[in-house]
Amino acid sequence: MSEEHPIAELGEGTRAVRVGLPEPVKHEPTLPGPVFAAHYHLPGDPTGPYAYGRDQNPTWTLLERAIGELEAPGREEVETLAFASGMAAISAVLFSQLRSGDVLVLPSDGYNVLPLAGEQLRSYGVEVRSAPTGGDAQLDALDGAKLLWVETPSNPGLDVCDIRRLCEAAHERGCLVAVDNTLATPLGQRPLELGADFAVASGTKQLTGHGDVLLGYVVGRDAGLMAAVRRWRKIVGAIPGPMEAWLAHRSLATLQLRADRQSTNALAVAEALKGRPEVTGLRYPGLGDDPSHKIASQQMRRYGCVVSFSLPTRARADRFLDALRLVDDATSFGGVRSTAERRGRWGGDAVPEGFIRFSAGAEDTDDLVADVLRALAVATG
């Protein structure tokens, strides 16, 4: 980015299409293709950024710069590390920062693989506590903690907590804070600006948005903490492939366009579901009467693409999913094609049997809402 146009001063859409690009060179592509290299020419002493493929790759470098400029525009001290998946990124923070005797506070309603990581950490002597996301309930578990893990909005229940309040309380107690920003994306909220030490996310979801890439990342503002995360990545080797990194960077260019349409669609679906007698537990932070709306509106610029609700029975939910024509019955969320699933089929989430996690895609809003309402009618009949 040129001196005339500092990245932090540009609009979000402009940043999304420009972040991480190298300076233009005549006859070279604007976004260089993926670099496939296990090793590099390295005569003499091993100096410079690229020595071995597990440690660094030019394609990662551009992607990491791009993500950092979205998560923390204008903050040159911020470092970003890309990983092979969201769980690789999550694990890197947890296992690089915690030791036997430390205390970790997790959300009790977060991503259902988090408890598995908690079990592993307990076996290493880490005390693991948990509390719900809503109502900032994790505040009551902070005394003596080394790391607070925040997930907001929570997956799949869509509760929201006050990031700034939790960060201030944690730091007063000498506790680090990591925020899972997967559902919000950097265009929804920027945790580092709200006080977090780490922003962590699965790039598999809305960040890349096409359902064809597994990716994760960690962004941090303390060089020492990030050095430990980088060391963990080197030890475990949980690195992204160059093709995945290139696809992710390419996909960032449409992030604002996708996020705007998907947020519009999610709100329209949520509003269409309001008042339906067969629908209970409807949650979307963008709804004015949602329990999380007040906090979400203070820290989020977009409310995300996910809507959650319950139908009366497992059978009714299955009939609804089967009747959808524009929505794929698939796990994950954030893609340009809408998806939905009965979340209870996986186990691990404290949700009713008829609980639906619905991810709004980029279809025409009227078409998507009509499909949802038609499927509800079929499931009810």
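How close do the axes of helix 3 and helix 4 come, and at what angle do they cross? The legends below take up this question and then turn to other helices. The structure is a predicted model, in which local features need pLDDT of at least 70 and side-chain atom pairs count only at pLDDT 80 or more, while totals for chains, interfaces and linings use all residues. Residues are numbered from 1 along each chain as its sequence is written, and side-chain values use heavy atoms, with hydrogens and water left out.

**View 1. Helix 3 (residues 86-97) beside helix 4 (residues 114-123).** The axes of these two helices come within 11 Å and cross at roughly 25°, where axes are lines fitted to C-alpha atoms, for helices over the stretch in contact, and angles run from 0 to 180 degrees between N-to-C directions. Helices here are DSSP runs of H or I with at least four residues, strands are runs of E with at least two, and both are numbered from the N terminus. Helix 3 and helix 4 are therefore roughly parallel to each other, given that angles under 35 degrees count as roughly parallel, over 145 as roughly antiparallel, 65 to 115 as roughly perpendicular and the rest as oblique. The contact (heavy atoms within 4.5 Å) is made by Ile90, Leu94 and Phe95 of helix 3 together with Leu114, Ala117, Gln120 and Leu121 of helix 4.

**View 2. Helix 3 crossing helix 6 (residues 223-236).** Here the axes come within 9 Å and cross at roughly 115°, and helix 3 and helix 6 are therefore roughly perpendicular to each other. Helix 3 contributes Ser91, Ala92, Val93, Phe95, Ser96 and Gln97 to the contact, and helix 6 contributes Leu225, Ala228, Val229 and Trp232.

**View 3. The buried residues of helix 5 (residues 163-172).** Ile163, Leu166, Cys167, Ala169 and Ala170 are buried, a term that means under 20% relative accessible area, with exposed over 50% and partly exposed in between (1.4 Å probe, protein chains only). These residues lie on the same side of helix 5 because they cover an arc of only 170° around the axis, the arc being that of the directions from the helix axis to the C-beta atoms. Their cover includes strand 4 (147-151), strand 5 (176-180) and helix 9 (293-299).

**View 4. The buried residues of helix 10 (residues 314-323).** In this helix, Arg316, Ala317, Phe320, Leu321 and Ala323 are buried. An arc of only 165° around the axis puts them on the same side of helix 10.
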